Amino acid sequence: MSEHYFTEKPSSSTDRQRIRVSVRGVEREFWTDSSVFSKRGLDFGTRLLLDKVSLPAEAQAVDLGCGYGPIVAILASVYPNSQWIAVDINERALALAEENCVGLTRVKFVQSDGLTKLQGYRFTDVLTNPPIRAGKPVVYRFFRESREVLLPGGRLWVVMAKKQGAESAAEFLRTLFSKVERVARDGGYHLLCAEVKG
């Protein structure tokens, strides 16, 4: 089995590939590599999130588990007044994200296990396609950490497959957030929006 994408310092040999993504009226090319999530193309869950998420015009947002950067690169273009921090534990993924976001000066990059290095910051939105294979404790920790960094009225956007536990994740989110909605459902994936009381 290939090295997992939820790895701080991947040791697998590189296998850089160029992919093209068209979503939300934005077309971009991305570099991907081995030991990075969904290296052969945009995965269905991320596409659903990109298609259906709705952010404030001047969002202060986090792409949590940014991988090679498709969420932050696309949405920073869709929302030209937004500010972003892209976070990933995987240094190879983060380097790719930075390369793939060249020209987007409103994006900062932080290598971090979850949001541990962003405590003290506050955001309007956190977006994540969480690392399911890292295990439920890691995913649920992402949810708790997101709650801690969100402003009043802030929202956590989570995309998960039903078979990966989307419904139980929604129940857990309801223990942390004042409102949890399923914004969209397609192809077995759910896009959840969990809101902090304003």
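## A walk across the sheet

Start by colouring the strands: 7 of them form an open sheet with mixed pairing, in the order S5-S4-S3-S6-S7-S9-S8. The edge strands are S5 (107–111) and S8 (179–186), each of which pairs on one side only. Neighbouring strands here are turned by 15° against each other on average, direction ignored.

A quick word before going on: you're looking at a predicted model, where local features need pLDDT of at least 70 and side-chain atom pairs count only at pLDDT 80 or more, while totals for chains, interfaces and linings use all residues. Residues are numbered from 1 along each chain as its sequence is written, and side-chain values use heavy atoms, with hydrogens and water left out.

Helices (H or I, at least four residues) and strands (E, at least two) are DSSP runs, numbered from the N terminus. Two strands pair if DSSP finds at least two bridges between them.

Stop 1: Select residues 60–64 (S3) and 83–88 (S4): they run parallel, joined by 5 bridges. Gln 60 has Gln 83 in S4 as its bridge partner, and Ala 61 has Trp 84. To get from S3 to S4 the chain goes through H2, in a right-handed β-α-β crossover (with the strands pointing away from you, the path from the first strand over the helix to the second runs clockwise).

Now show H2 itself, residues 70–78, where 7 of 9 residues are buried; among them are Pro 70, Ile 71 and Val 72. Ile 85 stands opposite Lys 108 in S5. With H3 (residues 91–100), S4 and S5 make a right-handed β-α-β unit.

**Stop 2: S7 and its two partners.** Select residues 150–161. This is S7, with 9 of its 12 residues buried. S6 (residues 123–128) pairs with S7 in the parallel sense over 5 bridges, and Thr 128 stands opposite Val 158. The chain crosses from S6 to S7 through H4 (residues 136–149), and this β-α-β crossover is right-handed. S9 (residues 189–195) pairs with S7 in the antiparallel sense over 7 bridges; look for Met 160 and its bridge partner His 190.

**Stop 3: H4 and H5.** H4 lies across S3, S6 and S7, running at about 155° to S7 (axes are lines fitted to C-alpha atoms, for helices over the stretch in contact, and angles run from 0 to 180 degrees between N-to-C directions). Show the side chains where Tyr 140, Phe 143 and Arg 144 in H4 meet Ser 168, Ala 169, Phe 172 and Leu 173 in H5.

**Last stop: Glu 145.** This residue is in H4. Why does Glu 145 count as buried? Because its relative accessibility is 10%. Which residues beyond four places in sequence are in contact with Glu 145? They are Asp 113, Gly 114, Leu 115, Thr 116 and Gln 119 (contact means heavy atoms within 4.5 Å). Finish by zooming in on the backbone nitrogen of Leu 115, which lies 2.8 Å from a polar atom of the Glu 145 side chain.

Key: Buried means under 20% relative accessible area, exposed over 50%, partly exposed in between (1.4 Å probe, protein chains only). A polar contact is a pair of N or O atoms within 3.5 Å; within protein, one must be able to donate a hydrogen and the other to accept it, and residues adjacent in sequence count only if both atoms are side-chain atoms.
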